[in-house]
Amino acid sequence: MNIILAPMEGVVDHLMRDMLTRIGGYDLCITEFIRIVDQKLPARVFTRICPELLTAGKTAAGTPVRIQLLGQEPHWLAENAVRAVELGSPGVDLNFGCPAKAVNKSRGGAVLLKETEQLYQIVKAVRDAVPAQFPVSAKIRLGYDDTSLTLDNASAIAAAGASMLTVHARTKSDGYRPPAYWPWIAKIKQQVAIPLIANGEIWTASDAKLCQQQSNCQDIMLGRGALAMPNLAQTIRNNTAAMPWPQVLTLLMQYSEFEIAGDKGQYYANRIKQWFSYLKLQYPAAAELFWQLRVLRKSSDILAALQHALDNLTSPH
Ligand SMILES: Cc1cc2nc3c(=O)[nH]c(=O)nc-3n(C[C@H](O)[C@H](O)[C@H](O)COP(=O)(O)O)c2cc1C
């Protein structure tokens with residue numbers, strides 16, 4: 001079984017990847033997407049999204065990190081894919097699932113699921129350009145509004161030479177509403193021979209098991225669930241218990257220190273609040289704390305609130 005940490009723009013940055021892969025259980029991470037329009041981007045754009053390029057394309061724990069590109073132009077995607085692997089990315093992933101309006105308007109992301117031929121052209125151009133030893137993977141949803149093209153799209157991506165395909169088992173119109181339609185992945189598997197990764201709505205070890213059964217797919221990708229329970233991958237692999245809340249709080253403090261130092265605090269408040277929005281799904285104590293954090297804007301105030309919560313837990317009553 002391979003477990004992959006999902007790309008999540010605005011939440012899973014290099015610090016989150018570092019932390020979650022240290023906790024362990026992940027075989028691969030995919031970066032937040034890099035938007036490609038009509039030019040070859042400078043190296044600094046790639047290293048900003050993926051500082052792991054400077055450490056052999058791996059997190060400190062040794063987990064490979066693959067760059068994800070999002071765009072609609074086969075030529076420019078291919079040029080930038082080559083740059084990504086030259087800079088040290090162990091392969092390239094192509095995003096065909098992003099539901100964002102701005103991205104879809106310019107024919108990127110999930111809207112391409114309406115254009116099977118274009119999907120083929122993009123994957124083929126990138127595969128032809130990137131040296132064969134580097135995997136070129138793709139990530140799709142089941143469709144844009146419906147599933148009428150699901151099998152055609154998956155077949156086109158496989159025929160174009162993709163090395164693996166992650167399927168987020170919902171259409172763009174489904175958004176993030178449960179359920180994820182895992183049996184659809186089993187249908188795709190009957191039709192395409194490349195490795196498939198099942199994704200969507202895995203929050204617990206038992207979800208993972210059910211997903212594997214229904215998708216007929218061993219390999220899985222974890223998104224929001226990985227943030228809601230920082231050791232989810234370990235609970236799936238080893239049947240360990242969920243990380244206790246005091247340990248999560250300590251992790252939040254560590255993350256805060258790194259994030260504030262790394263980004264000069266600019267994005268910290270938003271990122272930690274977004275992380276909390278997932279943590280509160282698993283931890284009642286996170287829901288309570290989130291209530292206080294919600295209104296805080298300054299990094300120092302958030303940090304003080306976290307420290308206070310930790311002190312309350314550790315001080316003798
Ligand atoms: C905040 C957020 C940001 C995301 N960013 C990306 C992205 O940059 N690239 C991508 O392919 N998918 C992105 N996704 C989709 C996830 O990778 C994943 O497919 C989706 O969340 C379903 O998995 P889950 O139910 O385990 O969360 C994002 C999802 C969320 C919630």
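**Close-up views of a predicted model**

**View A. Gly 161 follows helix H6 with a positive phi, near 105°.** Helices (H or I, at least four residues) and strands (E, at least two) are DSSP runs, numbered from the N terminus. The model is predicted, so local features need pLDDT of at least 70 and side-chain atom pairs count only at pLDDT 80 or more, whereas totals for chains, interfaces and linings use all residues. Residues are numbered from 1 along each chain as its sequence is written, and side-chain values use heavy atoms, with hydrogens and water left out. In H6, the buried residues are Thr 150, Asn 153, Ala 154, Ala 156, Ile 157 and Ala 158. Buried means under 20% relative accessible area, exposed means over 50%, and partly exposed is in between (1.4 Å probe, protein chains only). The cover over these residues includes strand E4 (92-96), helix H5 (116-129), strand E5 (136-143), strand E6 (164-171) and H7.

View B. Thr 150 belongs to helix H6 (residues 150-159) and is buried, with a relative accessible area of 1%. From Trp 184 to Gln 214 the C-alpha to C-alpha distance is 8.5 Å, and the two residues are 30 residues apart in sequence.

**View C. Tyr 144 sits in the loop between E5 and H6.** Tyr 144 is buried, with a relative accessible area of 15%. Leaving aside neighbours within four places in sequence, Tyr 144 is in contact with Asn 104, Ala 110, Val 111, Leu 113, Lys 114, Thr 171, Lys 172 and Ser 173. Val 11 is 133 residues from Tyr 144 along the chain, and their C-alpha atoms are separated by 24 Å.

**View D. Residues surround the ligand.** The ligand has 20 residues around it, and the closest are Pro 7, Gln 68, Asn 199, Glu 201 and Arg 224; a residue is near a molecule if one of its heavy atoms lies within 4 Å of it. In the side chain of Arg 224, an N or O atom is 2.7 Å from an oxygen atom of the ligand. In the side chain of Lys 139, an N or O atom is 2.8 Å from a ligand oxygen atom. Gly 223 places a backbone N or O atom 3.0 Å from an oxygen atom of the ligand.

**View E. Helix H12 packs against helix H13.** Two packed helices are described by the angle between their axes and the distance between the axes. For H12 (residues 268-282) and H13 (residues 284-293), the angle is about 150° and the axes are 6 Å apart. Axes are lines fitted to C-alpha atoms, for helices over the stretch in contact, and angles run from 0 to 180 degrees between N-to-C directions. The contact is made by Lys 273, Phe 276, Ser 277, Leu 279, Lys 280 and Gln 282 of H12, together with Pro 284, Ala 286, Ala 287, Leu 289, Phe 290 and Leu 293 of H13.

**View F. Helix H1 is mostly covered.** In H1 (residues 14-23), 7 of the 10 residues are buried: Leu 15, Met 16, Arg 17, Asp 18, Met 19, Leu 20 and Thr 21. Just after H1, Gly 24 has a positive phi of about 105°.

View G. Most residues other than glycine have a negative phi, and most peptide bonds are trans. The loop between helix H10 (232-238) and helix H11 (245-263) holds Asn 239, which is exposed, at a relative accessible area of 65%.

Terms used
Contact means heavy atoms within 4.5 Å. A polar contact is a pair of N or O atoms within 3.5 Å; within protein, one must be able to donate a hydrogen and the other to accept it, and residues adjacent in sequence count only if both atoms are side-chain atoms.
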